[in-house]
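Biologist: Please put the model on the screen, and I will ask about it part by part.

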Amino acid sequence: MRVRWQMAAIAGAGSCLALLPAAHPAAFVESFLYLIFLWVALATSWAILSGYSGYFSFGHGAFFGAGMYTTANLAGPLGLPFLWTVPAAGLSAMVLGVAVGAVVFRVRRLRGELFALLTLAVTFVLATVVLNTPLDGGPGVYLSGVKLPALYGGGTSTIYLLGLAVALASVVAALLVQQSRLGRGLFAISDDEDVAEVMGIPSFRYKLTALAMSCFLAGVAGGIHAVFVFYVTVAETFSITVPLYVVLMSVLGGARHWIGPAIGAALVTALTYAFVGGDLAVIGRAAIGLVLVLAVLFLPQGVTGLLASRARRSLRLPQPGAAMPPAVAPQRPLRPGSPLLACQDVQLSFRGVRALGGVELEVREGEILGLVGPNGSGKSTLTNVISGYYRPDAGRVLFAGHDLGHEPAHRIARLGIARTYQIPRPYARLSVAENVALSAMFGAAGLEPDAALRRAMDSLAIVGLDARARTLPRELNLHQRKFLELARVVASGARLVLLDEVLAGLSPAEMDSALSLVRAIRDRGTTIVFIEHNMRAVLSLTDRLVVLNHGQVIAAGAPRAVMRQPEVVAAYLGTAHA
């Protein structure tokens, strides 16, 4: 319902602006508004990738420039009709962006400032190529002879309407992406990409999709702008102005909100052109710099950040159990004792240091398997292998008949494996309810957003956090953040849950509550691997016990019998000397 109202508001504003040329305003008015539309399109398209996913790009000038030169060459020297060249401009920019992203997004270390610097380098490389080929050749490309459709009787009005169209398309795209599974996945990637992938979000595909949309819109804007300026040169097209301004506009307005970059673009463009010529131009640039400094200091989430926080506090959430009583970890038929997960000679080394040296273990359906060992024994490494964060050097990991060795982490999550982290890793800028709903959307349950939110509220009620559903994770204490991790795995609908030291840092009373919750999760049909150092909890909770030491299994069997074995005692306490 809310999205329909927002779409209606965009349509209404667009219709009013589209009628403006009928009033025959001064040419300056149409040109000024066109420039606002241009920057709205560029800033909003930038935010679809960088604002939503957190992949900060300085390469938007390259995609904008690719669009400009596509139209300049097709409509100028080749003489193709201008309107035909506009989608071609978007496609050329999209192809360039996807080609870069297909390589860059597969390299895990190319994030943050490295990604930003790489995209900036793409701009300089493309500028050099264009300058030294017939695309430009040095003198630039003239477009004064390009014929424009005479909408409302003039070319200026045509450019105005095309600019309005691409601005509206960018804003609508940003709104639809933000409200979709894609947008929710991009927000999770922005907060913690590794957790997002393990939770079931296909990060590579989502980032590439966002980049393709961002580049296409920037390319279309560039194609229209090429005719607006009439004369396209490398120095003006690939200057640092475009990436700096889109970043400034998005930060000011709020890059994580669909309307934020548009607000920032309108404010910055108005400030820029309010002061023109002589000393006033200097004052204008100083004012823009001051606005940015104030925004960073006092509005780090931009103007729309305030609106978003208020919307989060006033969001109407479903009551736990009201709409989907069996939503949380539904009962499933179990085959007690049958193998669910098997690790066969699993080996992994890091730069020659052996972390796992041929691990052999089996997890049986419906049990709570304890996985223990001294620090550095390989417990967390094995968890990372099973969940898909690491790939083993040798051996196999079999889950319900599937070989996980070559499956990406997000597919493993969809198959039915979920995990927690020893140090809780919630998505910091998403509410507690949104954190849990993402697990229900992208985990084994695979629910649609509304159903996922209902399941999230049921899961939060089970762990006692439903009253904190609207809060951000930073407002929770350690005990509550641990239980938030449990709520996420419950909501995912996973068949196998890997609990990595969920009791660490809890008081005795909180531990008892957590153990009761783990038993309840198992009773709902979930198999559990319980990784823990607290032996009292391990012995009271687990059905079987596996002990790791130096990356190998040294004992397995009934918990109390295992803990009395000499190899286990020596691993924990060392060898006694007379």
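Biologist: By class, how many residues in the lining of the second largest pocket are charged?

Modeller: Asp, Glu, Lys and Arg count as charged; Ala, Val, Leu, Ile, Met, Phe, Trp, Tyr, Cys and Pro as nonpolar; and the others, Gly among them, as polar. A pocket is an open set of points on a 1 Å grid over the protein atoms alone, with protein on both sides within 12 Å along at least five of seven lines, and its lining residues have an atom within 4 Å of a point. In this pocket's lining, nine residues are nonpolar and three are polar, while the charged ones number 11.

Biologist: What kind of model is this?

Modeller: Residues are numbered from 1 along each chain as its sequence is written, and side-chain values use heavy atoms, with hydrogens and water left out. Local features need pLDDT of at least 70, side-chain atom pairs count only at pLDDT 80 or more, and totals for chains, interfaces and linings use all residues, since the model is predicted.

Biologist: Which elements give two or more residues to the lining of the second largest pocket?

Modeller: The volume of this pocket is about 630 Å³, where a volume is the space filled by probe spheres set on the grid points, which are joined across faces, edges and corners. Among its 23 lining residues, Arg108, Glu197, Ser203, Phe204 and Pro408 lie nearest the centre. Helices (H or I, at least four residues) and strands (E, at least two) are DSSP runs, numbered from the N terminus. The elements with two or more lining residues here are α7, α8 and α15.

Biologist: How many strands are in the protein chain?

Modeller: Along its principal axes, the C-alpha trace of the chain spans about 95 × 50 × 45 Å. Its helices number 22, and its strands number 12.

Biologist: Which residue in β4 is the bridge partner of Ser349?

Modeller: Strand β3 (residues 339-350) is antiparallel to β4, with nine bridges between them. Pro339 is found opposite Arg364 in β4. In the hairpin of β3 and β4, two residues lie between the strands, and Arg351 has a positive phi near 50°. The partner of Ser349 is Arg354.

Biologist: Which residue in β6 stands opposite Gln344?

Modeller: β3 and β6 run antiparallel and are joined by five bridges. In that pairing, the β6 residue opposite Gln344 is Arg396.

Biologist: Why is one side of β8 and of β12 left without a neighbour in the sheet?

Modeller: The open sheet of six strands has mixed pairing and the order β8-β9-β10-β5-β11-β12. One side of β8 (417-419) and of β12 (552-557) has no neighbour in the sheet because both stand at the edges, each with a single partner strand.

Biologist: Which residue in β11 is the bridge partner of Gly370?

Modeller: Strands β5 (residues 368-372) and β11 (residues 544-549) run parallel, joined by four bridges. Within β11, Gly370 has as its partner Leu545.

Biologist: Which element gives the most to the lining of the largest cavity?

Modeller: A cavity is a set of grid points where a 1.4 Å probe fits but cannot get out. The largest cavity has a volume of about 160 Å³, and of its 17 lining residues Val198, Met199, Ala418, Arg419 and Ser439 are closest to its centre. Two or more residues come from each of α7, β8 and α18. The most, four residues, come from α18.

Biologist: How many of the residues in helix α16 are buried?

Modeller: Buried means under 20% relative accessible area, exposed over 50%, and partly exposed in between, with a 1.4 Å probe and protein chains only. In α16, the buried residues include Val432, Asn435, Met441 and Phe442. Among the elements covering them are α8 (203-229) and α17 (449-463), by contact of heavy atoms within 4.5 Å. Of the 11 residues in α16 (432-442), the buried ones number 10.

Terms used
Two strands pair if DSSP finds at least two bridges between them.
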